[in-house]
Amino acid sequence: MAIEQSIIQQARRADLANYLIARGEPLARDGKGYYHKIHDSIKIYNNMYCWNSKGSKGNSLSFLQEFYNMPFLEAIKELTGEQSRQVVPLVAQNQAARILVMPDKADNVKRVIAYLLQTRRINKPALKLCFDQHLIYQDTNGNTVFRMTNDIGEVVGAEIRGTGQQPFKGIAAGSKLGYGFNIKLGAELNRMIVFESSIDLLSFITLNYEKLNGRLLVSMAGLKEQTLINMAKLHNIPLNKVCCCVDQDGAGRQFADDMRGKHGTNTYLPPIELNVKDWNEMLTRSIIK
């Protein structure tokens, strides 16, 4: 697949520090540049980096390829603002221990509330669920942080969603694999519904709140079989009681078909006749109409 050189150059020139900070990486000021708080031999200035302990250096594009082991095309999409379907965990592949680094919390949630209510059209009851259960907050960069919790409510990671004009999504460094942002509706859980993102999860609650008692709703932050299986096991929910409410597109349909064939799960996608891709698009269109 040929890629225009102008697009590749745009990715190479992207401001690496701003990108990593927005994605939740723990960077700290170092003169005019930054260093990584965990991998402190990594120095970053504008779109260039130097990883002293490994003797490597390069630009924004090569950093994503080296640090995250991110494929070339995936890295270009990330840095130029075109989001890919699979979210790459924000943690180096060779990190010896997975140390969870949650984004710093801001002293208010104004941008998050405006983003979810006005831009994403999530309703107030769904938003209240999140705040009552201490599941979301705003970080110091104005991003929405969706806490991932295990079966006893301990925070094990976070899904991060930008609220600005340059959209992005990511996972907090050190997030535990096989977990996702989740909301329990009711005291006794007997079914589980999985989504591709926290935004779709909250959109589904907004659309179907009265019908969801006894459900565990989980964001996989992508299409992740491991998260589906692990979250169902943790909450003692049989896989034939799991429903894939993923996107109405090729990747979503393929994932739902695969899970049904391998594990006997169910499928419920946005109605194809409505010509919408995901649950948030279905929500925003229904409100506009």
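Two strands are said to pair if DSSP finds at least two bridges between them. Helices (H or I, at least four residues) and strands (E, at least two) are DSSP runs, numbered from the N terminus. The model is predicted: local features need pLDDT of at least 70 and side-chain atom pairs count only at pLDDT 80 or more, while totals for chains, interfaces and linings use all residues. Residues are numbered from 1 along each chain as its sequence is written, and side-chain values use heavy atoms, with hydrogens and water left out.

**View 1. An open sheet of five strands.** The strand order in this open sheet is E10-E12-E11-E13-E14, and the pairing is mixed. Strand E10 (182–185) and strand E14 (266–267) are the edge strands, each of which pairs on one side only. Within the sheet, strand E11 (residues 191–195) pairs with strand E13 (residues 242–244) in the parallel sense, over three bridges. Here Ile 193 stands opposite Cys 243 of E13.

**View 2. Strand E7 and its covered faces.** Strand E7 (residues 144–149) is mostly covered, six of its six residues being buried (buried means under 20% relative accessible area, exposed over 50% and partly exposed in between, with a 1.4 Å probe and protein chains only). In a regular strand the side chains alternate between the two faces of the sheet. On one side of E7 lie Thr 144, Phe 146 and Met 148, on the other Val 145, Arg 147 and Thr 149, and all are buried.

**View 3. The two hairpins that share E7.** Strand E6 (residues 136–138) runs antiparallel to E7 and is joined to E7 by three bridges. Ile 136 has Phe 146 as its bridge partner in E7. Five residues lie between the strands of this hairpin, in which Gly 142 takes a positive phi near 85°. E7 also pairs with strand E8 (residues 155–161), in the antiparallel sense and over six bridges. Met 148 stands opposite Gly 157 in E8. The hairpin of E7 and E8 has five residues between the strands, and there Gly 153 takes a positive phi near 90°.

**View 4. The packing of helices H6 and H7.** Helix H6 (residues 124–132) packs on helix H7 (residues 198–208) at an angle of about 125°, with the axes 8 Å apart. Axes are lines fitted to C-alpha atoms, for helices over the stretch in contact, and angles run from 0 to 180 degrees between N-to-C directions. H6 and H7 are therefore oblique to each other (under 35 degrees counts as roughly parallel, over 145 as roughly antiparallel, 65 to 115 as roughly perpendicular and the rest as oblique). The contact (heavy atoms within 4.5 Å) is made by Ala 126, Leu 129 and Cys 130 of H6 and by Leu 202, Ile 205 and Thr 206 of H7.

**View 5. The packing of helices H8 and H9.** Helix H8 (residues 225–234) and helix H9 (residues 250–263) pack at an angle of about 45°, and their axes are 11 Å apart. H8 and H9 are therefore oblique to each other. To their contact H8 contributes Glu 225, Leu 228 and Ile 229, and H9 contributes Phe 255, Met 259, Lys 262 and His 263.

**View 6. The surroundings of His 235.** His 235 is placed in the loop between H8 and E13. At 11% relative accessibility, His 235 counts as buried. Leaving aside neighbours within four places in sequence, His 235 is in contact with Asp 151, Lys 184, Leu 189 and Leu 216.
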